[in-house]
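Biologist: Could you walk me through this model, bit by bit? I am new to it.

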Amino acid sequence: KLSNIQTRFANNSLYLHKKRYTVTLIDRNPDSLLTVSLLSIPLCTFDRFYVSNNLNHYVYSLYF
């Protein structure tokens, strides 16, 4: 989901904007190899981990 849009201004006009998305990987395996794959994406950072209904949730922030 879209979670933020970072906007920068310079010289009274829009200079740059970046969209931040929250991506949640849900997996039964607590040692999922998909977690490494997501981190290989440029501008992707790990945010948090939690367990719900016996499923592992890995939350990432992805900037685009």
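Modeller: What follows goes through the strands, the turns, the helix and the surface.

Biologist: Before that, what kind of model is it, and how are residues numbered?

Modeller: This is a predicted model, in which local features need pLDDT of at least 70 and side-chain atom pairs count only at pLDDT 80 or more, while totals for chains, interfaces and linings use all residues. Residues are numbered from 1 along each chain as its sequence is written, and side-chain values use heavy atoms, with hydrogens and water left out.

Biologist: OK, strands. How many bridges join β1 to β2, and which way do they run?

Modeller: β1 and β2 run antiparallel and are joined by eight bridges; strands here are DSSP runs of E with at least two residues, helices are runs of H or I with at least four, and both are numbered from the N terminus. Two strands are said to pair if DSSP finds at least two bridges between them. One of the bridges links A10 to S13 in β2.

Biologist: And what sits between those two strands?

Modeller: β1 and β2 form a hairpin with two residues between them, and N11 is found in this loop, between β1 (2–10) and β2 (13–27). The phi of N11 is near 55 degrees, which is a positive value in a residue other than glycine.

Biologist: Is N11 buried or exposed?

Modeller: N11 counts as exposed because its relative accessibility is 76%, where exposed means over 50% relative accessible area, buried means under 20%, and partly exposed lies in between (1.4 Å probe, protein chains only).

Biologist: Where's the other hairpin?

Modeller: β3 and β4 form a hairpin, again with two residues between them, and N53 lies in the loop between β3 (44–52) and β4 (55–63). N53 has a positive phi near 55 degrees, in a residue other than glycine, and N53 is exposed, with a relative accessible area of 72%.

Biologist: How many bridges join β3 to β4?

Modeller: Eight bridges join β3 to β4, and these strands run antiparallel.

Biologist: Switching topic, what does K19 touch?

Modeller: K19 lies in strand β2, and, not counting residues up to four places away in sequence, K19 touches L2, N4, I5, L62, Y63 and F64, where contact means heavy atoms within 4.5 Å. K19 and Q6 are 13 residues apart in sequence, yet their C-alpha atoms are 6.4 Å apart in space. K19 is partly exposed, with a relative accessible area of 30%.

Biologist: Now the helix. Is T35 buried or exposed?

Modeller: T35 lies in helix α1 and counts as buried, because its relative accessibility is 13%.

Biologist: What is T35 in contact with?

Modeller: Leaving aside neighbours within four places in sequence, T35 is in contact with L25, Y58 and Y60. The side chain of T35 also reaches the backbone oxygen of S32 at 2.9 Å.

Biologist: Which residues make the nonpolar surface patch?

Modeller: L39, F46, F49 and V51 make a nonpolar surface patch of about 370 Å². Patches are made of residues with over 30% relative accessible area and no salt bridge, with nonpolar side chains (Val, Leu, Ile, Met, Phe, Trp, Tyr) joined within 5 Å and like charges within 9 Å; the areas come from the Shrake-Rupley method with a 1.4 Å probe, and for residues only the protein chains shown count as cover. β3 gives the most to the patch, with three residues, while L39 lies in helix α1 (residues 34–39) and is partly exposed at 43%.

Biologist: Last one: how many salt bridges does the count come to?

Modeller: The count comes to one salt bridge, taking that to mean a side-chain nitrogen of Lys or Arg within 4 Å of a carboxyl oxygen of Asp or Glu. D47 forms it with R48, and the closest N and O atoms are 2.5 Å apart. D47 is partly exposed, with a relative accessible area of 42%, and R48 is partly exposed at 42%.

Conventions. Polar contact = N/O pair within 3.5 Å; in protein donor to acceptor, adjacent residues only side chain to side chain.
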